[in-house]
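Subject: Structure for your review

Dear colleague,

Please find below the structure that I am handing over to you. I would be grateful if you could read the notes that follow with the structure open beside them.

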There are 2 protein chains.
Amino acid sequence: MKISTKGRYALRLMVDLAEHPEASCVSLKEISERQGISLKYLESIVAGLVKSGLLDSIHGKGGGYKLNRPAENYKVGEILRVAEGDLAPVSCEACSGEKCSHIGECKTKTMWDKLGELINDYLDGISLADLLAM
Amino acid sequence: MKISTKGRYALRLMVDLAEHPEASCVSLKEISERQGISLKYLESIVAGLVKSGLLDSIHGKGGGYKLNRPAENYKVGEILRVAEGDLAPVSCEACSGEKCSHIGECKTKTMWDKLGELINDYLDGISLADLLAM
DNA sequence: TATAATCCTATTGACATAGTAGGTTTTTCT
DNA sequence: AGAAAAACCTACTATGTCAATAGGATTATA
């Protein structure tokens, strides 16, 4: 029941970008040094963020990455879902699928579903801008 | 960000026990068959529950396991913490320890802490008896 | 005393995590 | 034009956890 470094680093990367003036782009090398995270590892993380359209990238010398929306419009939840995958604490195929092998006993499902909602709602209620203000 | 089978199975085991009359003990073999979980794997899970005092065990033939409190007095949270370990979604030693290497940038900590509280509070607000009633 | 249960220690295969390595392409600055 | 600095791409690896299995030792009952 842990968020992996992938999700945590992705978030710190986004916060780092958000701390810089809009429209200016920041290289991974800078972020890597500032945050103390391996450059190569950051590369693999940022790739997913770009592919999902959360970030724009600028090639070549002087290039880097930048947000493509105002920080208020990024929900922490969406960033983590991209970096981390589904945030539901339990993925019970047996339950969500056509039949659960222990239908009667599966009293826990409702609880897991509600917990998943709780987590997603909380994280979707926080924006990048909110994080900066902390 | 997933609860492992250890936690999920532990909970189902507890629910199974709670469905039986108090003071009667149930063997793992029965639970294993009813829940479709490997007997040997259940053994390793139940060991922790007994050691933590959540269950009583009765040795020898005719033995088994039973709850030692009424179902209302078990919080789902405490069961999961025993089976699963800490339920905090992030354990940042750098932050919780004496010094954080990126104190200024560590804007995410407060959020993680609050999420952890949210999860624990939700799961501590549900008892075994509540689960049965679902 | 046979049986049926808990208890204990060790091992294993599969998979994900957390990174590393080395190079290619693209763009800018000199 | 050419060097430099950045993103981009593919592959590899070590470590660790998960999920389970295996085989037996101990305990108590019938």
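This is a predicted model: local features need pLDDT of at least 70, side-chain atom pairs count only at pLDDT 80 or more; totals for chains, interfaces and linings use all residues.

Chain A on its own

Chain A contains 7 helices and 2 strands. Read from the N terminus, its elements follow the order α-α-α-β-β-α-α-α-α. Of the 134 residues in chain A, 28% are buried.

Helix H1 (residues 5-18) and helix H4 (residues 76-84) of chain A pack with their axes 8 Å apart, at an angle of about 135°. On the H1(A) side, the contact is made by Lys6(A), Gly7(A), Ala10(A), Leu11(A) and Met14(A), while H4(A) contributes Val76(A), Ile79(A), Leu80(A), Ala83(A) and Glu84(A). Sorted by class, the contact of H1(A) with H4(A) comprises 7 nonpolar, 1 polar and 2 charged residues.

Where the two chains meet

In the contact between the chains, 30 residues of chain B touch 30 residues of chain A. On the chain B side, the elements that supply two or more residues are helix H1 (5-18), helix H4 (76-84), helix H6 (109-124) and helix H7 (128-132) of chain B. The largest share, 6 residues, comes from H6(B). The side of chain B that touches chain A has 17 nonpolar, 6 polar and 7 charged residues.

The axes of helix H6 (residues 109-124) of chain A and H6(B) come within 11 Å and cross at roughly 160°. Since angles over 145 degrees count as roughly antiparallel, H6(A) is roughly antiparallel to H6(B). The crossing of H6(A) and H6(B) is right-handed. Here Leu115(A), Leu118(A), Ile119(A) and Tyr122(A) in H6(A) meet Leu115(B), Leu118(B), Ile119(B) and Tyr122(B) in H6(B). The contact of H6(A) with H6(B) has 8 nonpolar residues, with no polar and no charged ones.

The nonpolar core

In soluble globular proteins, nonpolar side chains tend to be buried together. Which residues touch the most other members of the largest nonpolar core? In this core of 56 residues, they are Leu13(A), Met14(A), Ile79(A), Leu13(B), Met14(B) and Ile79(B). Met14(A) and Ile79(A) also take part in the contact of H1(A) with H4(A). Setting aside residues up to four places away in sequence, Leu13(B) touches Ile31(B), Leu42(B), Ile45(B) and Val46(B).

Leu28(B) lies in helix H2 (residues 28-35) of chain B. Is Leu28(B) buried, partly exposed or exposed? Leu28(B) counts as partly exposed, because it has 19 C-beta neighbours inside 10 Å, and a buried residue needs 20 or more. Apart from neighbours within four places in sequence, Leu28(B) is in contact with Leu39(B), Leu42(B), Glu43(B) and Val46(B). Leu28(B) and Ser127(B) are 99 residues apart in sequence, and their C-alpha atoms are 22 Å apart in space.

Yours sincerely

Methods:
Residues are numbered from 1 along each chain as its sequence is written. Chains are lettered from A and ligands numbered from 1 in the order in which they are written. Two residues are in contact if their C-beta atoms, placed from the backbone, lie within 7 Å. Helices (H or I, at least four residues) and strands (E, at least two) are DSSP runs, numbered from the N terminus. Ala, Val, Leu, Ile, Met, Phe, Trp, Tyr, Cys and Pro count as nonpolar, Asp, Glu, Lys and Arg as charged, and the others, Gly among them, as polar. Axes are lines fitted to C-alpha atoms, for helices over the stretch in contact, and angles run from 0 to 180 degrees between N-to-C directions. A nonpolar core is a set of buried Ala, Val, Leu, Ile, Met, Phe, Trp, Tyr and Cys residues joined through C-beta atoms within 7 Å. A residue is buried if 20 or more other C-beta atoms lie within 10 Å of its own, exposed if 12 or fewer, and partly exposed in between; C-beta atoms are placed from the backbone. Angles under 35 degrees count as roughly parallel, over 145 as roughly antiparallel, 65 to 115 as roughly perpendicular and the rest as oblique. A crossing is left-handed if the near helix is turned anticlockwise from the far one by less than a right angle, and right-handed if clockwise.
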